Amino acid sequence: MAKGRYHHGDLRAALLDAAEELVRERGADGWSLREASARVGVSPSAAYHHFASRDALVRALSERILSRLGNRLADACKRAAEVTADPDARERAAEQAADPDACKRPADPSGADPSGADPSGADPSGADPSGADPSGADPSGVGPGGVGPGGVGPGGVGPGGVGPGGADSRGAGRSGVGEGGVGSRAPVGGAFDLQRRLIALGRDYLHWAVEDPAVARLVFGAGATGPDSRVSPHPHDVLTAELDRLADLGALPAASRPGAEFVVWAPIHGLAVLLIDGLIRVDDARAFDRQAERVIRATLNGLCQEPAPSEGWPAVHTAHTDRRRSHLGQEGEQVGPGAGDLLRQAE
């Protein structure tokens, strides 16, 4: 119980804490401002000094939750960057960003030299000194487009999997979708995986929703925030910063960048809703994370392959993007950090 915890000067925060507890116990609509006041141990009139109505309290709570989620997602991206850091990562990022065809080249899950040189010194003519069948038949019975040793890889592309454009002699799709992600030169889990940060963001979004479904439903609801809401960092801005980063590194085509945050958010959010509503289930925590990774990789790889539209992509809006547009249009005013600021904070 929250009663007895209120101290002078902290009533607003105490009411928000009580409201969050009530949301977890009864859902978004099963409580009143009077009940939140009673839980804190003050009269409703005292609560009205901070919140004019229950709706005002709900909006303030939603803003606090969204800000907390934004920080959580930014931290997840930062941790992913720290885990995958190695001395050569920046050099390889620069090489890839300078290569205009990086997004189109099939990734080699073996980690082979992208120049095509064979470190084993094998005959460049393609002759196999072992006498293996030159047709490519695998004596184990697994074809060159079969499932790799780790099972089907994230996004449905295994180490020897078939890409949407068909399989080449290495099993990587001609469309350029490899296990390490679009244009990646290292396998999944390697030190250099351009999609890893966004995968971490999507996983944490899903974990947050499943771990706290009542609170997630509160902020999922229409009208959870208002025209004057201020959320910093907003989860949308964290996602935007990460997509800008991919585009800057050459791992997302410039033509696909406009509105990509909505394309990526839709399947992540959809999977979250399916999970918390019990419409789909996964066997364990590892399966949960792999499913999240598959959805995100498939979406990012699809963005990399889409043709440029002749008329531009349709504009998509949320309450948050409308607020940002409105405030940025007013000279000298901006709500929260911009995407570039968030990107710098995460690095």
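Buried means under 20% relative accessible area, exposed means over 50%, and partly exposed is what lies in between, computed with a 1.4 Å probe on protein chains only. The structure on screen is a predicted model, in which local features need pLDDT of at least 70 and side-chain atom pairs count only at pLDDT 80 or more, while totals for chains, interfaces and linings use all residues. Residues are numbered from 1 along each chain as its sequence is written, and side-chain values use heavy atoms, with hydrogens and water left out.

**The whole chain**

Begin with a cartoon view of the protein, which contains twelve helices and zero strands; helices (H or I, at least four residues) and strands (E, at least two) are DSSP runs, numbered from the N terminus. Of the 347 residues in the protein, 43% are buried. If contact is taken as heavy atoms within 4.5 Å, then among contacts between residues at least 6 apart in sequence, 71% join residues at least 24 apart.

**The nonpolar core**

Next select L57, L206, L243 and L300, which are the residues with the most contacts inside the largest nonpolar core, a set of 59 residues. A nonpolar core is here a set of buried Ala, Val, Leu, Ile, Met, Phe, Trp, Tyr and Cys residues joined through side-chain atoms within 4.5 Å. At least two residues of this core come from each of α1 (11-26), α2 (33-40), α4 (54-84), α6, α7, α8, α9 (260-276) and α10 (285-305), and the largest share, ten residues, is supplied by α4. In soluble globular proteins, nonpolar side chains tend to be buried together.

Staying with L243, display its surroundings: leaving aside neighbours within four places in sequence, L243 is in contact with L198, L252, R257, A260, E261, V264 and L300.

**Where α6 meets α7**

Now colour helix α6 (residues 196-211) and helix α7 (residues 213-220), which pack at an angle of about 110° with their axes 5 Å apart. The axes are lines fitted to C-alpha atoms, for helices over the stretch in contact, and the angles run from 0 to 180 degrees between N-to-C directions. This value makes α6 roughly perpendicular to α7, given that 65 to 115 degrees counts as roughly perpendicular, under 35 as roughly parallel, over 145 as roughly antiparallel and the rest as oblique.

To see the contact itself, show the side chains of Y205, W208, A209, V210 and E211 in α6, which meet P213, A216, V219 and F220 in α7. By class, this contact has eight nonpolar, no polar and one charged residues, where Ala, Val, Leu, Ile, Met, Phe, Trp, Tyr, Cys and Pro count as nonpolar, Asp, Glu, Lys and Arg as charged, and the others, Gly among them, as polar.

Centre the view on W208, which belongs to helix α6 and counts as buried at 8% relative accessibility. Not counting residues up to four places away in sequence, W208 touches I65, L69, R72, A216, V219 and F220.

**Salt bridges**

With a salt bridge defined as a side-chain nitrogen of Lys or Arg within 4 Å of a carboxyl oxygen of Asp or Glu, the count comes to 19. Select R68 and E20, whose side chains meet in one of these salt bridges at 2.5 Å, N to O. R68 lies in helix α4 and E20 in helix α1, so this pair ties together parts that are 48 residues apart in sequence. R68 is partly exposed, with a relative accessible area of 39%, whereas E20 is buried at 5%.

Move on to R39 and E21, which form a salt bridge at 3.5 Å, N to O. Since R39 lies in helix α2 and E21 in helix α1, the pair ties together parts that are 18 residues apart in sequence. R39 counts as buried at 11% relative accessibility, and E21 as partly exposed at 23%.

A further salt bridge joins D244 to R257, with the closest N and O atoms 2.8 Å apart. D244 is in helix α8 and R257 in the loop between α8 and α9, 13 residues apart. Finally, select D17, E20, R24, R64, R68 and D212 together, which salt bridges with shared partners join into one network.

**A cis peptide bond**

The last stop is P233, in the loop between α7 and α8 (235-248). S232 and P233 are joined by a cis peptide bond, with omega about -5°.
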